[in-house]
Amino acid sequence: MRARSALVFTVLRLAAFLVPFGILMLIPVMREYYWLTAIFAALIGLSLSMLFLRRPLDDLTTDLAARRSRQRETTDEDAEDAALDDAP
C-alpha cells in the first residue's frame with residue numbers, strides 16, 4: 001500500500017471536518033453549543049467527502065485491495081507447502 005494515498009485521504013477528510021467546524025465556531029450561538037457544532041461539521045464533512053473525495057478514496061481502496069491480494073497469494077502458497085510437507 002502506498003502510504004501517500006492513505007495520508008492524502010486522511011488529511012483531506014480531517015480538513016473536510018475541521019474547516020466547517022472552525023467556520024461554525026465563529027458564530028456566537030454555536031460556541032455555546034459546541035456539541036451541535038461538531039455534529040453539523042461532521043455532517044458537512046461527510047457530504048463534502050462524498051462529493052469531492054471519491055478519487056482519493058478509490059486510490060486508497062485500490063491500494064488496499066492490491067495489498068490484500070498479495071498477502072493472500074503468499075499465505076496460500078505457504079499453506080500448500082505445509083500441507084505437502086505433512087503428507088506421508
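Predicted model: local features only at pLDDT ≥ 70, side-chain atom pairs only at ≥ 80, totals over all residues.

Modeller: Take Glu-77 as a way in: you'll find Glu-77 in helix H4, which covers residues 54-86. Its relative accessible area is 49%, so Glu-77 counts as partly exposed, given that exposed needs over 50%.

Now for the rings. The count comes to two aromatic pairs. One of them joins Phe-17 and Phe-21: the ring centres are 5.7 Å apart and the planes sit at 20 degrees, so this pair is stacked, as planes under 30 degrees apart count that way. Both Phe-17 and Phe-21 belong to helix H1 (residues 3-25), and they are four residues apart, or about one turn of the helix. As for cover, Phe-17 has a relative accessible area of 27%, so Phe-17 is partly exposed. Phe-21 comes in at 23% relative accessibility and so is partly exposed too; buried would mean under 20%.

The other aromatic pair is Tyr-33 with Trp-35, and that one is edge-to-face, with 6.3 Å from centre to centre and 85 degrees between the planes. Edge-to-face takes planes over 60 degrees apart. Tyr-33 has 37% relative accessibility, so Tyr-33 also counts as partly exposed.

Technical notes. Residues numbered from 1 in each chain as written. Heavy atoms only, no water. Helix = DSSP H or I, 4+ residues; strand = E, 2+ residues; numbered from the N terminus. Buried < 20%, exposed > 50% of the residue type's maximum accessible area, 1.4 Å probe, protein only. Phe/Tyr/Trp six-rings, centres within 6.5 Å; stacked < 30°, edge-to-face > 60°.
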